[in-house]
Amino acid sequence: MHRRAALVALVVCALIAGCGSRLTDEQRAALVVPQGGAAGTQDGTATGEDGAVSGTDGTAGQPGANNPQQPNKQPNPPGSIAGACQGTGGATDKGVTAGEITIANISDISGPVPGIFQSAQQATKAFVEYFNATQGAICGRKLKLVSFDSRTDSGGDQQATAQACEQAFALVGSMSAFDQGGGPAAAGCGIPDLRASTVTAQRQRTAVSFGVASNVVNLVSSAGPDLVKSSFPGAIGSAAYLYLNADASAQNAKSMQKAAEARGIKFVYSQAIDITDVNYAPYVAKLKETGAKIVYWIGSGQYAVRLQQAMRQQGYTPEAFITDPSAYDPQYIRQGGAAVDGTVVYTNGALFEESNAQVALYKQWLGRVAPGAAPSYFGMFAWAAARLFVTTAAKVGPQLTRKAMLDAVRQVHDFTAEGMVAPQDVGGKRTSACMTLVRLKGGAWSRLAPASGYSCGTLIDTGVGG
């Protein structure tokens, strides 16, 4: 077996319960489920009584938690991203010269599904082009981007990280399905690693790695179940949770179900579905038998489509079908058609259908570097990661070093990329407490709840995967 294929198979076997079946490329790709309950879009283009982790004000230290509708902030005017840093410290660290800072992006470009996280690399490139063209420099230094393909395997991530350690000052906006591979190399060389999101628990625990989508499995915001309760009040007594029988999706499903139960949602059915299972009819029959009115799904978008097609064939329509942002994508609509209409997605980023200055910039510059490419959830967070990098580097000042950068990132606890994403505790590595629900209707997405901004809650420590 080819070395890369063998590595993928080993990773897949580690993730799948009862590994022993031969998997298709599509099935391997379906294992790409990020930690924290937010899957990537495919741009083929002190615990309280309710389990909440509370700060001194009972809000887990999350800004906006007492305000159910936190409005988006407006971005700074052009030219202000890098601050007023003047002068340069010369060549202060690896990847830094008097006139240039080299950053690297490592994302899955090739593999079972070509381009699965290409959107993260495209967004990082778009931001670099935007910054260099319109924002001047960071203490006299322009940005230079080097890009690597982690090939949807842990070995590819390790090899690319080792190369980036020698060529770049920092990793920015990266997104890899098996990102545990590069963790030891990143920690060993001390490279600052501002990722779109950390997927595996191993990478989350890597001291130099930070997900700008700051999700961790065991901490779940009460905002999600509370929004579902307010949106579907007559259905919360009979919910079901179905998920792919893979490590990341299983952990997230179990954690999110426990959080929902802590907020008063009753589950009548929970079921893992093996990655090799092609017959979803028995699961739909069980949904009908139990009288489930809300169906939660954790897993990649194409399997959500398969489940909903089986539901449609049996004439079963729940009040709500709820899934993660992997479905918030044009490809999902193309694949599912009428069967997926009515899907509800939770997200902690701005909506592409609404007016948002940072999203508009992202779309504009994405169109310049990758004409025809569609914006995505992880592209959005890669852009946000690049923005966080430049603002933090400017705060560090002319004497830019990896250690100083890491020290500064650890102090970032309320990052929104100027209103592009919900408040993220990047430095603290804690799940965002804020969320929005969107619904697909008539082939178009629109806001379901809250009426504007985000609904922010407390963090519930479920004890799953922590």
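## F210 and its surroundings

Setting aside neighbours within four places in sequence, F210 is in contact (heavy atoms within 4.5 Å) with D193, L194, R195, T198, L406, V409, R410, V426, G427 and K429. This is a predicted model, in which local features need pLDDT of at least 70 and side-chain atom pairs count only at pLDDT 80 or more, while totals for chains, interfaces and linings use all residues. Residues are numbered from 1 along each chain as its sequence is written, and side-chain values use heavy atoms, with hydrogens and water left out.

F210 is found in strand β6, residues 209-213; helices (H or I, at least four residues) and strands (E, at least two) are DSSP runs, numbered from the N terminus. With a relative accessible area of 2%, F210 is buried, where buried means under 20% relative accessible area, exposed over 50% and partly exposed in between, using a 1.4 Å probe and protein chains only. Between F210 and G427 there are 6.9 Å in space, C-alpha to C-alpha, and 217 residues in sequence. The charged end of K429 sits over the F210 ring, 4.9 Å from its centre; the criterion is NZ of Lys or CZ of Arg within 6 Å of the ring centre and within 35 degrees of the ring normal.

## Helix α3

Let's turn to α3. Its 17 residues should span 24 Å at 1.5 Å a residue, and the end C-alpha atoms are 24 Å apart, which agrees; the expected span is 1.5 Å times one less than the number of residues. G136, with a positive phi near 80 degrees, follows the helix.

Buried residues of α3 include S119, A123, T124, F127 and F131. The helix's buried residues pack against β2 (100-107), β3 (142-149), β4 (170-172), α12 (357-369) and α13 (377-396). T124 has 0% relative accessibility and touches N105, L145, V172, G173 and A382, not counting residues up to four places away in sequence.

## Aromatic pairs

The structure holds 16 aromatic pairs. Rings of Phe, Tyr and Trp (its six-membered ring) pair if their centres lie within 6.5 Å; planes under 30 degrees apart count as stacked, over 60 as edge-to-face and the rest as tilted. F127 and F131 are stacked, at 6.3 Å centre to centre and 15 degrees between the planes. Both lie in α3, 4 residues apart, about one turn of the helix.

Y241 and F267 also have stacked rings, because their centres are 5.8 Å apart and their planes at 25 degrees. Y241 lies in strand β8 (residues 239-244) and F267 in strand β9 (residues 267-273), so this pair ties together parts 26 residues apart in sequence.

Ring pairs also link F127, Y130, F131, Y362, W365 and W383 into a cluster. R368 lies over the face of W365, 4.1 Å from the ring centre.
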